[in-house]
Structures are given as C-alpha cells and as structure tokens.
Amino acid sequence: MHDIIYLLGDKKMKLLIVDDEKLIRNVIKEYASLEGFEIDEAYDGLNAIDMVKNNDYDLIIMDIMMPKCDGYKAVEEIKKMKNIPFIMLSARNEEYDKLYGFNLGIDDYMTKPFSPKELMARIKAVTKRLSGNSPKYVFEGLTIDDSAHEVYIDNERVDLTPKEYELLKYLIQNKNIALSRESLLDKVWGYDFYGDDRTIDTHIKTLRNNLKEYRKFIVTVRGMGYKFEYKE
C-alpha cells in the first residue's frame, strides 16, 4: 500500500470512472484505490449524469465511445450542472477528437491502450491543484479564490471551465510577463499535447468573454502570445 492519500481539505478525493468496459473500470479502480482515492463507477454516459446529480466528484475519468450516451455528450450535460475536471479516454487518436474534447473543457486526453501508471500521474497532476492552501488574487473587481477554485466579477461568481481557470491562473502567476502560445500549451496542457495555437486562441477568446470588462487585463502580444497586464 502507498502511504500518500490524496485529500481535498480533510477528505479523500473522489473519482468517478465512466467506461462501458468493466475490465477497464476495474484496472483504473485498482490503481486509484492504492493511491488513496475514493472511487465510484458508471457504465455509460447516462449513468454518469445520474450519479453526478446525486454526488460530488473531484475528477471524472470519461470514456468517449459508449452506448446510449457517449462521453462528449455526457461531459456537456455534466458541465451544465457542475464544474468538474475531466480526463477523457478513447481508442481514437485523431487530432479532431482531442481538440473537440479540449474545447468542451476537458483537462486531459489519453488514448487506449494506456498505461495505468501514466494515467495515475495525470490524475495526480490534475488533482494536485485542488489540494492545500492557495492564495486569493484581486485585480480591481476581479477576484480569483484559488482555495475554492472560484472566480468572481464584482462579487458575482463566474463559471469557468477547468482549463480556462488554469489558463487564467497561470497568466496571473506570470503577471506582466509575455508568454508564448507554445509555453502556455506546455505549462497548462502539458504531456506532449498535440494541439496547436488554435487551442490557446480559442480558450483565450472564451476566457475573455467570461471576464467581461476585465478582459482588458489579458493582452495580446503580437507575433508571440499573451500576458496578464496589471500595473499597480
């Protein structure tokens, strides 16, 4: 048994594994349980949606190709209810499938067959930002409460996708520094992500729309990328 138990505050982190293949669910469950995660299982997208209605999860591992309701549709429906990080699983390795998933707001994408150990590493990377004490950032009427993983505009909560949140946070942590699209892909997506500049530009566009008047802080650096510009 491993000594590390992943906690959010004082409770175990809870994962939902969604796959129509019981063998795959069992393998992921075995490895994740050894790492100290609490596990629930769903056998298709509709089952996952029902479970999210009645439970809170810190991360969902979602297969794409499933009967009745595929993974993409399940992600869309779940995100209407709750802002939960996702890792997608698929036997398809097409760039379109990855970009479509990331544009839905997923956090990572793995193709089958996959290494359970690598999946655990990716789960830890996604959940790491949810644990521990984190700072609060305030820029005029824009507030980012990293401990609660929430963003407020003039004291009203704004719902961002997990990737939009991570992108905003990384820009803020490097305030007034010009960041290339390549560095943003590497630091926010990582894991040899095969996307291109369109992934960053699409997320920046939706992030700016969500920030409303405070979109002014995200400045385009011509020919390079973006920066969070704030002069105190």
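Two strands are said to pair if DSSP finds at least two bridges between them. Helices (H or I, at least four residues) and strands (E, at least two) are DSSP runs, numbered from the N terminus.

Good morning. The model I present is predicted: local features need pLDDT of at least 70, side-chain atom pairs count only at pLDDT 80 or more, and totals for chains, interfaces and linings use all residues. Residues are numbered from 1 along each chain as its sequence is written, and side-chain values use heavy atoms, with hydrogens and water left out.

My subject is an open sheet of four strands, in the order β8-β9-β10-β11, with antiparallel pairing. Because β8 (136-139) and β11 (156-158) each have a single partner strand, they stand at the edges, and one side of each is left without a neighbour in the sheet. On average, neighbouring strands are turned by 25° against each other, direction ignored; axes are lines fitted to C-alpha atoms, for helices over the stretch in contact, and angles run from 0 to 180 degrees between N-to-C directions.

Let us follow the chain. Strands β9 and β10 are antiparallel and share four bridges; L142 has I153 in β10 as its bridge partner. Four residues separate these two strands in a hairpin, and H149 in the turn has a positive phi of about 60°.

Next, β10 (residues 150-153) is joined to β11 by three bridges, again antiparallel. Here I153 has E156 as its bridge partner, while V151 stands opposite V158. This hairpin has two residues between its strands, and D154 in the turn has a positive phi of about 50°.

Finally, helix α6 (residues 162-173) lies across β8, β9 (142-145) and β10, at about 105° to β9. Contact here means heavy atoms within 4.5 Å.
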